[in-house]
Amino acid sequence: MKEPEIVDAEVIEEPGKPSKADINLAVACHLLQLAAFILPLVGMIIAPLILWLAKRGESRFLDRVGCEVVNFTITVVLMFMCCGLLSRILPWLGSTLASLTLIWWLVMVIVGTLAAREGRVYRHPFTLRLVK
C-alpha cells in the first residue's frame with residue numbers, strides 16, 4: 001500500500017478518500033440524531049439537517065452521508081407516527097412496534113456512525129429515499 005505524501009507536516013489525502021475533518025463531521029451527523037432524546041422529533045430531524053445543509057457543498061462524502069441520515073431520520077419519524085396511530089386502534093401492537101422501531105433506530109445510528117468513522121457511506125435498510 002502506498003504511503004500518503006507528507007508536505008509541511010500535512011498529510012495530503014488520497015483521491016476519493018474523505019479527509020479526517022469530513023469523517024468527523026459525518027460521524028457528528030449520525031450522532032446528532034440522538035438529539036431526539038433532548039428535543040424529540042425536532043432535534044432528531046433538525047440537527048442533522050442543519051449540518052448537512054451547511055456542509056454538503058464542501059464534500060461529496062458529506063453530501064452523501066448527510067442525505068442518507070436525513071432520509072433515514074424522516075423514515076423513522078414516519079414509522080413512529082404510524083406506530084402512534086396504530087396504538088389508538090390496537091395499543092399493544094402500536095407500543096410493541098414503537099419499541100422495535102426504537103431499538104432498530106438506535107442500532108442503525110450506531111452502525112452508520114461506525115461506517116462513517118471508517119470513511120464509508122452507510123445506506124440504511126428500509127429507508128425511504130425522499131431527499132436527493
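User: Where is the place of Glu 68?

Analyst: Glu 68 sits in helix α3. Helices here are DSSP runs of H or I with at least four residues, strands are E runs of at least two, and both are numbered from the N terminus. This is a predicted model, in which local features need pLDDT of at least 70, side-chain atom pairs count only at pLDDT 80 or more, and totals for chains, interfaces and linings use all residues. Residues are numbered from 1 along each chain as its sequence is written, and side-chain values use heavy atoms, with hydrogens and water left out.

User: Does Glu 68 count as buried or exposed, and at what relative accessibility?

Analyst: Buried, because its relative accessibility is 4%. Buried means under 20% relative accessible area, exposed over 50%, and partly exposed in between (1.4 Å probe, protein chains only).

User: Which residues is Glu 68 in contact with, leaving aside neighbours within four places in sequence?

Analyst: Tyr 122, Arg 123, His 124, Thr 127 and Arg 129. Contact means heavy atoms within 4.5 Å.

User: Switching to α2. Which residues are buried there?

Analyst: Gly 43, Met 44, Ala 47, Pro 48, Leu 51 and Trp 52 are buried in α2. They cover an arc of only 140° around the axis, so they lie on the same side of α2. That arc is taken from the directions from the helix axis to the C-beta atoms.

User: What covers the buried residues of α2?

Analyst: The cover includes α1 (20-31), α3 and α4.

User: And which exposed residues are on the face turned away?

Analyst: Val 42, Ile 50 and Ala 54.

User: How do the axes of α1 and α3 cross?

Analyst: They come within 10 Å and cross at roughly 5°. Therefore α1 and α3 are roughly parallel to each other. Angles under 35 degrees count as roughly parallel, over 145 as roughly antiparallel, 65 to 115 as roughly perpendicular and the rest as oblique. Axes are lines fitted to C-alpha atoms, for helices over the stretch in contact, and angles run from 0 to 180 degrees between N-to-C directions.

User: Which residues meet there?

Analyst: From α1, Asp 22, Ile 23, Leu 25, Ala 26, Cys 29 and His 30. From α3, they meet Phe 61, Leu 62, Val 65, Gly 66 and Val 69.

User: What about α3 and α4?

Analyst: The axes of α3 (residues 60-89) and α4 (residues 91-117) come within 7 Å and cross at roughly 170°. That makes α3 roughly antiparallel to α4.

User: Zooming out, how many helices and strands does the protein chain have?

Analyst: The protein chain has 4 helices and 2 strands. From the N terminus on, the order is β-β-α-α-α-α. Buried residues make up 35% of its 132 residues.
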